[in-house]
Amino acid sequence: MLTQPEANRRAIWTEERLQRWLNAFFRGERIVVLANREPFIHDRTADGGLVVRRSSSGLVTALEPIVRACAGVWVAQGSGTADQLVVDQRNGVDVPPAAPQYRLRRVWLDDREQRGYYYGFANEALWPLCHRTFVQPVFRSDDFNTYHAVNARFADAVRDEAKGASPLVLVQDYHFALAPQMIHERLPLSTIVAFWHIPWPSPRDFEICPWAAHLLKGLLGSHIVGFQTPSDCRNFMDAVESTLDADLDREQGVITYAGRKTIVRAYPVSTEWPSQWASQSPPIDACRESVRRELDLDSGVLLGVGIDRLDYTKGIAEKFLAVEQLLESRPELVGRFAFVQIAEPSRSCLQAYRDIRAKVMTTAERINARFGAGSYRPIVLLESRYEPQEVYRFLRAADLCYVGSLHDGMNLVAKEFVSARDDERGVLILSRFTGAARQLIEALIVNPYAIDETARALADALGMRAGEQSRRMRRMRSTVAEFSTYWWAGQMLQDAARLRQRRRDNVAGRDLGFGIRDLMDQIPSPESRIPHTRHPLSPPALARATDRAARPA
Ligand code: F6P
């Protein structure tokens, strides 16, 4: 594990470094994060007590360490059954509950707002629009109007929490495309950074949205718009070019619209490093033993894991088909290999989610009926939500982790698997359609739609020699250590700090005009700042690489 002195030597972003940096550059300034999902959820228990749960969302995984480091405020939707019981008069509560470090401000939505804003426009329109999974987006005017009204309510909450005229506001994800412009209207001196966690579609796909121009204008209310990959940045710039009357400087990644400039940058999101969950976990052997015992598996059974929300973008049924093909082509693995899929229930009131759940269940049942015997089932489907500590126990117990998203902005489970494996063992199989595949190039990179190819990758992973596993895992661990969530936040906040300084200089009359050229000299272009932007291995190159790496099980 990377020690603090080593990190200092390599100038790596750590929680400590981010904290020092924030104190130096944002001392006394309010940092407000706007994100729909709250990091802590208070629920009532059956016996009338109260329980606090952590949210398992990837966005929370990335963002929470940052808000802790800057003692800021997180504005989110209140979603727990006991959330209202614990807030102060201004609907806020200090968290984490055991040792408070920042404020959580809750916004209450009624059922109609939740249906139109969250289930409707965010998850039936924008989610399928941005993910290439062939699920048709549903565009309803009522949903869009509610989304607009709810974005305005959250912008009001940000203004109320600002504590001054010029806070730094970090707007997160597709729930809040309209909020940046609304926040700018309410707090004209604020610095606004929007980050889009999911993919940005191609301009041809994006233009089917009846409110395409509204979404772009909303986001261009930000000073910086961040995406996961350079290709998301390009898609966004293409969409602006074909939809709005805007000036684009593609080389510098700057859009000028309605007299204002917005910088467009890729900042690949990540997890904390070192992981608090890995360091609190039992030793690897203990995890292996306890998971196998719990699942009633023989101690010698090889174990694969998948951890996803039960979502049609995650390719869960395709993973099961790959397991089926593996057992078909390698009958000696029947009874010797099991794949455990944790599937967290999600958005289950939407038809597309009920459909994918039915498909996942019937596929697992069919394969288990075909290859199961006695207590052995090749696919163990755990349809439940697990606390991070439990997730890490599974990740540490596994011989391989398969992330098979059909399309994914980043996918933090891939990075969590790497950060969980301080024994430098275990093989990551990773969909080429994730943002993570651009950084974790030592994983076995696959096309999750190509079942033959993914079944072969499973066999290769199970047969990979220990030395090769360590070589790959060590490199991936060094990537995740260096490009952690502190690096992610550090890049965005540094860019925001430079912008603020520039705007202050302008106000003081030191530099009339925006001075974007000077600024851009300090902010490198999208491609130059992204680690490992090599394309994932092509299938033939992958086959060659895995042939070299793997030996029969
Ligand atoms: O992938 C983007 C993201 O916002 C994640 O951060 C999060 O896990 C998910 O989408 C949203 O999930 P939910 O609808 O449960 O908040």
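Reader: At what angle do the axes of helix α15 and helix α16 cross?
Author: This is a predicted model: local features need pLDDT of at least 70, side-chain atom pairs count only at pLDDT 80 or more, and totals for chains, interfaces and linings use all residues. Residues are numbered from 1 along each chain as its sequence is written, and side-chain values use heavy atoms, with hydrogens and water left out. Axes are lines fitted to C-alpha atoms, for helices over the stretch in contact, and angles run from 0 to 180 degrees between N-to-C directions. The axes of α15 (residues 388-397) and α16 (residues 412-420) come within 9 Å and cross at roughly 70 degrees.

Reader: Are α15 and α16 roughly parallel or roughly perpendicular to each other?
Author: Helices (H or I, at least four residues) and strands (E, at least two) are DSSP runs, numbered from the N terminus. Angles under 35 degrees count as roughly parallel, over 145 as roughly antiparallel, 65 to 115 as roughly perpendicular and the rest as oblique. The axes cross at roughly 70 degrees. The two helices are therefore roughly perpendicular.

Reader: Is the crossing of α2 and α3 left-handed or right-handed?
Author: Helix α2 (residues 15-25) packs against α3 at about 45 degrees, with axes 9 Å apart. That makes α2 oblique to α3. A crossing is left-handed if the near helix is turned anticlockwise from the far one by less than a right angle, and right-handed if clockwise. For α2 and α3 the crossing is right-handed.

Reader: In which crossing, left-handed or right-handed, does α5 pass α6?
Author: The axes of α5 and helix α6 (residues 141-161) come within 8 Å and cross at roughly 110 degrees. That makes α5 roughly perpendicular to α6. The crossing is left-handed.

Reader: How much of the exposed area of the ligand does the protein bury?
Author: A polar contact is a pair of N or O atoms within 3.5 Å. Ligand oxygen atoms lie 2.9 Å from a backbone N or O atom of L59, 2.4 Å from a side-chain N or O atom of Y118 and 2.9 Å from a polar side-chain atom of R347. Taken alone, the ligand exposes 390 Å² (Shrake-Rupley method, 1.4 Å probe), and the protein buries 87% of that.

Reader: What is phi of R347?
Author: R347 sits in the loop between β14 (337-344) and α14 (351-371). Its phi is positive, in a residue other than glycine, and is near 45 degrees.

Reader: What is omega for the cis peptide bond that joins W273 and P274?
Author: P274 lies in the loop between β12 (260-266) and α11 (276-280). The bond from W273 to P274 is cis, with omega about -5 degrees.

Note on methods:
A polar contact is a pair of N or O atoms within 3.5 Å; within protein, one must be able to donate a hydrogen and the other to accept it, and residues adjacent in sequence count only if both atoms are side-chain atoms.
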